[in-house]
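Here are my notes on the helix packing and the nonpolar cores. Have the model open while you read.

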Amino acid sequence: MGVSLFFGLIICIGLIWFALQYRRRSPDEVGADIEGNMKLEVTWMVIPFILTIVMFAWGASLFVEERTPPLQSQEIYVVGKQWMWKVQHPEGRKEINELHVPMGRPVKLVMASEDVIHDFFVPAFRVKEDVVPGKYTTLWFEATKTGKYHLFCSQYCGTNHALMGGWIYVLQPADYETWLAGDNSGQGTMTLADSGEKLFTQLACQTCHRQDGRGRGPSLVGVYGSTVKLSTGQTVAADDAYIRESILQPSAKIVEGYQPLMPTFQGLITEDQLIQLMAYVKSLGAPASGAGTPVPPVPHAAPPAKGSQNE
């Protein structure tokens, strides 16, 4: 704003001064033929160039900072649906069109949509991010003042788009912990990871993905955050997107040493259940320092069984 105001004033003052100083004073007056000024031309190219480079570098650093959640951020899962926001805390608390967060602690939102494109927008925090079906997007912020702040969907998403809003409540850390441990309206005390483990068992995933690595699918212990080697010889980071894809499109990336035997769960589980499974996989631990890949397949005794891809 300061740069714009400075140059705006110079241009306006220059326009007025030149209009008065070099106006035509008689009907037959002809303007003088003025040659170019190399020093002036270089000056008005170099100075704006330096200013734009400085502003670009400044803006790029802020963009990278805004797009990179701190390592110790508190993860909260958000699912957009016509026309509401569903929130799941790792500790098990669930909310609809409300989000409670602690003051002074970075919060990372992992977001997905069940239907169309939505947009999570909190004007008071100066943050917004599209919530896209079929993938995860992330957004982070650190609230610095307690209070109640309006939440909007800023992407037209259907008939009741204007009603798709809610509130973010910023609490003191102690008050937040009290709220987190409070009444959950009959939702029980199961954490997201506990719910994911229960669903993992209900879907019989443990029959292939045994923790000892002797199943038809690779062990999931320590897989999250590791580097997975594929049957093509390529490697992929086992992040949220990879885990999600492996559940819904298991044939997309086959882990080295296994066969594409796993059935798809596309349409069989909801976004909420995907989040629960994700939390369970994360709870199985991260790779040890220096580890590059998860546990390799262990050969079976007799008869040898072919494996499946990673879930």
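1. Ground rules first. This is a predicted model, where local features need pLDDT of at least 70, side-chain atom pairs count only at pLDDT 80 or more, and totals for chains, interfaces and linings use all residues. Numbering starts from 1 along each chain as its sequence is written, and side-chain values use heavy atoms, with hydrogens and water left out.

2. Start with helix α5 (residues 240-248) and helix α6 (residues 271-283), whose axes come within 10 Å and cross at roughly 120°. Helices here are DSSP runs (H or I, at least four residues), strands likewise (E, at least two), numbered from the N terminus. Axes are lines fitted to C-alpha atoms, for helices over the stretch in contact, with angles from 0 to 180 degrees between N-to-C directions. α5 and α6 are therefore oblique to each other, oblique being what is left once under 35 degrees is roughly parallel, over 145 roughly antiparallel and 65 to 115 roughly perpendicular.

3. Who touches whom there? On the α5 side it's Asp-240, Ile-243, Arg-244, Ile-247 and Leu-248; they meet Glu-271, Leu-274, Leu-277, Met-278, Val-281 and Lys-282 of α6. Contact means heavy atoms within 4.5 Å. The residues of this α5 and α6 contact split into seven nonpolar, four charged and no polar (Ala, Val, Leu, Ile, Met, Phe, Trp, Tyr, Cys and Pro are nonpolar; Asp, Glu, Lys and Arg charged; the others, Gly among them, polar).

4. α6 also packs on α4, at an angle of about 100° with the axes 7 Å apart, which makes α4 roughly perpendicular to α6. Leu-192, Gly-196 and Phe-200 are among the α4 residues involved, and α6 brings residues including Ile-275, Leu-277 and Tyr-280. The tally for α4 with α6 is eight nonpolar, five polar and one charged.

5. Now the largest nonpolar core, with 33 residues: Tyr-136, Val-228, Tyr-242, Ile-243 and Ile-247 touch the most other members. A core is a set of buried Ala, Val, Leu, Ile, Met, Phe, Trp, Tyr and Cys residues joined through side-chain atoms within 4.5 Å; buried means under 20% relative accessible area (1.4 Å probe, protein chains only). α6 gives this core its largest share, seven residues. Another core, of 24 residues, lies apart from it and includes Met-111 and Phe-141.

6. Last, Gly-222, in the loop between α4 and β11 (227-229). Gly-222 counts as buried, at 9% relative accessibility. Gly-222 and Lys-282 are 60 residues apart in sequence, yet 8.0 Å apart in space, C-alpha to C-alpha.

Terms used. Buried means under 20% relative accessible area, exposed over 50%, partly exposed in between (1.4 Å probe, protein chains only).
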